[in-house]
Each structure stands twice: as C-alpha cells, then as structure tokens.
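Hi,

Here is the structure I promised to send over. Please have a look at it first, and my notes on what turned up follow just below.

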Amino acid sequence: MRLATWNVNSIRARHERVIDFLNRADIDVLAMQELKCKPDQFPLDAFKETGYEMEMVGYNQWNGVAIASRVGIDEVETSFPGQPTFRDKIEARAIGATCGPLRVWSTYIPHGRSLTDPHYQYKLEFMRGLADHAATQMEGRQLAVVGDFNVAPFDEDVWDISVFEGATHVSEPERDAFNYFAKLGMEEVTRERVTNYTYWDYQKLRFPKNEGMRIDFIYASPALARAVTGAQIDRDERKGKGASDHVPVIIDF
C-alpha cells in the first residue's frame with residue numbers, strides 16, 4: 001500500500017493538482033490538511049470520479065483535514081477524545097479513519113504563533129493529547145499519525161537555525177512534544193529513508209533558494225513501522241503554477 005500526507009493549502013484552489021498527484025503517484029490513502037473549506041464546498045465529485053471515498057472535517061475557511069481512500073474508509077473520528085479547544089472551540093485539525101488494514105490520523109497541528117501567545121500552549125496540549133489517544137489505538141495495529149506537525153525536530157530541518165532564534169517550530173517544548181510520540185512507542189518512518197524539506201514559504205523566493213523547513217511527518221506504530229519499505233518527499237509538487245507551499249510525503253508498506 002502507499003500512504004501520503006499533504007498540506008494542500010486550499011483544496012478548492014488545488015483539487016486538480018491533487019487529483020493528478022493521486023493518479024500519477026498511485027496513492028491508496030491520502031491525508032490532507034489545511035483544506036480551507038466547509039463540507040459543502042469540498043470538490044467531492046472529482047475524488048469520487050477518480051475512485052476515492054472521502055471523509056473530511058471543516059467548519060469555515062480556516063484549517064480543515066481530510067482522508068481520501070480507494071481501499072475503503074470506516075470508523076471515522078472527526079476529533080480525538082479530549083482534543084483541546086482554542087477560544088472555546090474545537091478546530092478542524094484532526095480526523096481519523098480505518099482504510100483497509102491501516103488506521104490513519106490526518107492532523108494539522110496548531111502553528112503556535114509565538115512563544116508567548118496562548119496558541120503556543122494550545123499547540124503543546126494538542127500534540128500531547130493526540131499522542132496519548134494514538135497510543136490507545138496502537139497495540140497490534142498498523143497505525144499512522146501523519147500531517148503538518150508545524151515542528152522542525154532538528155536544527156537541520158530548517159535552512160538557517162539562526163533565523164528561528166526565539167521563534168516557534170524549533171523551541172525545546174515543541175520538540176519535546178514531537179518526541180513524545182516516540183516515547184509512547186511510535187516511530188517517525190521517513191527521516192531515515194529520505195532527506196529534503198517539505199515546506200517553502202511563498203515569500204522571499206524561499207523555494208528557488210531552497211530555504212525550506214521539514215515539518216511534515218509520518219509517525220507509525222511498531223506494526224506499521226516494521227512493514228515500511230520506502231519513503232519519498234515529492235519536491236516537484238512545489239513547482240509550477242498554483243503549487244501549495246507544502247509537498248506530499250509518501251510511504252510504501
């Protein structure tokens with residue numbers, strides 16, 4: 001099977017690129033983030049015509065996550081138990097589903113904004129809660145927690161660590177929250193198999209200069225990690241007209 005995760009940065013603006021990617025890359029299950037639409041605005045027919053079932057959660061023009069599968073989709077959760085709120089609202093940042101033998105969570109981790117912003121604590125609480133819930137679904141199962149983690153776990157995951165001094169994404173509490181998944185027994189399965197950034201800002205010619213960040217990941221349960229045979233980061237999806245600022249991250253298992 002082939003699993004991919006991709007922050008598409010507006011599915012309405014980029015659904016044709018996404019459909020082309022699904023066909024070209026022969027994807028069985030795609031987790032998407034940052035849909036930026038409500039369910040009635042999602043281009044569902046385009047996915048159905050390509051042979052994919054869809055589940056998504058989105059409440060407004062912000063956030064939004066989805067899972068597309070051509071191997072079935074069942075046991076859908078549109079949030080995880082105890083998912084923290086921001087300003088008293090549960091945001092559309094997590095969706096879980098069973099697709100064939102795989103249990104997958106598509107997640108869009110909060111940005112954090114700044115180290116003193118309430119959004120930062122929300123981010124840390126969100127990651128801890130997600131990891132704790134994933135641990136309850138992990139035993140003896142092929143489970144993947146994937147998506148835009150908005151964390152660069154190592155200094156080499158950003159083009160110049162000095163640029164990020166005192167900023168989010170590289171702080172020790174964020175990195176500890178990222179590593180908490182591993183402490184619970186999961187394994188990030190792309191790092192040892194592929195090297196590249198997964199995000200380049202639209203500003204300041206970041207992509208042509210290759211000034212990127214590695215912030216999109218695939219955490220796997222032991223049962224899934226043992227089955228992984230390869231990984232890719234599709235850098236070419238950052239090229240051309242209408243590209244997202246993120247690119248797909250892919251594993252085979």
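Met54 stands opposite Ala68 in strand E4. Those two residues belong to a pair of strands, E3 and E4 (residues 65-69), which run in the antiparallel sense and are joined over five bridges. Please keep in mind that this is a predicted model.

E3 and E4 are part of an open sheet of six strands, and if you walk across that sheet the order is E3-E4-E2-E1-E12-E11, with mixed pairing. Its edges are E3 (53-57) and E11 (230-233), each of which pairs on one side only. On average, neighbouring strands here are turned by 10° against each other, direction ignored.

There is another open sheet of six strands, with the order E5-E6-E7-E8-E10-E9 and again mixed pairing. In this case the edge strands are E5 (74-77) and E9 (187-188), each pairing on one side only. E9 is joined to E10 (residues 216-220) in the antiparallel sense over two bridges, and Glu188 stands opposite Tyr219 in E10.

Helix H3 (residues 118-136) touches E5, E6 (94-99), E7 (102-108) and E8 (142-148), and its direction makes about 165° with that of E8. Helix H4 (residues 172-183) touches E8, E9 and E10, and its direction makes about 25° with that of E10.

How do the two helices sit against each other? The axes of H3 and H4 come within 8 Å and cross at roughly 10°. Angles under 35 degrees count as roughly parallel, so H3 is roughly parallel to H4. If you want to find the contact on screen, look in H3 for residues including Tyr120, Leu124, Met127 and Arg128, which belong to the group that meets a set in H4 including Pro173, Ala177, Phe178 and Phe181. By class, this contact of H3 with H4 has ten nonpolar, no polar and five charged residues.

Finally, a word on pockets. The largest pocket has a volume of about 910 Å³. Its lining is made up of 37 residues, and Arg93, Tyr108, His111, Arg113 and His119 are the ones that lie nearest its centre. Sorted by class, the lining of this pocket has 13 nonpolar, eleven polar and 13 charged residues.

Happy to go through any of this with you on screen.

Best wishes

Conventions
Residues numbered from 1 in each chain as written. Predicted model: local features only at pLDDT ≥ 70, side-chain atom pairs only at ≥ 80, totals over all residues. Heavy atoms only, no water. 1 Å grid on protein atoms, 1.4 Å probe; cavity = no way out; pocket = protein on both sides within 12 Å on 5 of 7 lines; lining within 4 Å. Points joined across faces, edges and corners; volume = space filled by probe spheres on them. Nonpolar A, V, L, I, M, F, W, Y, C, P; charged D, E, K, R; others polar. Pairing = 2+ DSSP bridges. Helix = DSSP H or I, 4+ residues; strand = E, 2+ residues; numbered from the N terminus. Contact = heavy atoms within 4.5 Å. Axes fitted to C-alpha atoms, helices over the stretch in contact; angles between N-to-C directions. Parallel < 35°, antiparallel > 145°, perpendicular 65-115°, else oblique.
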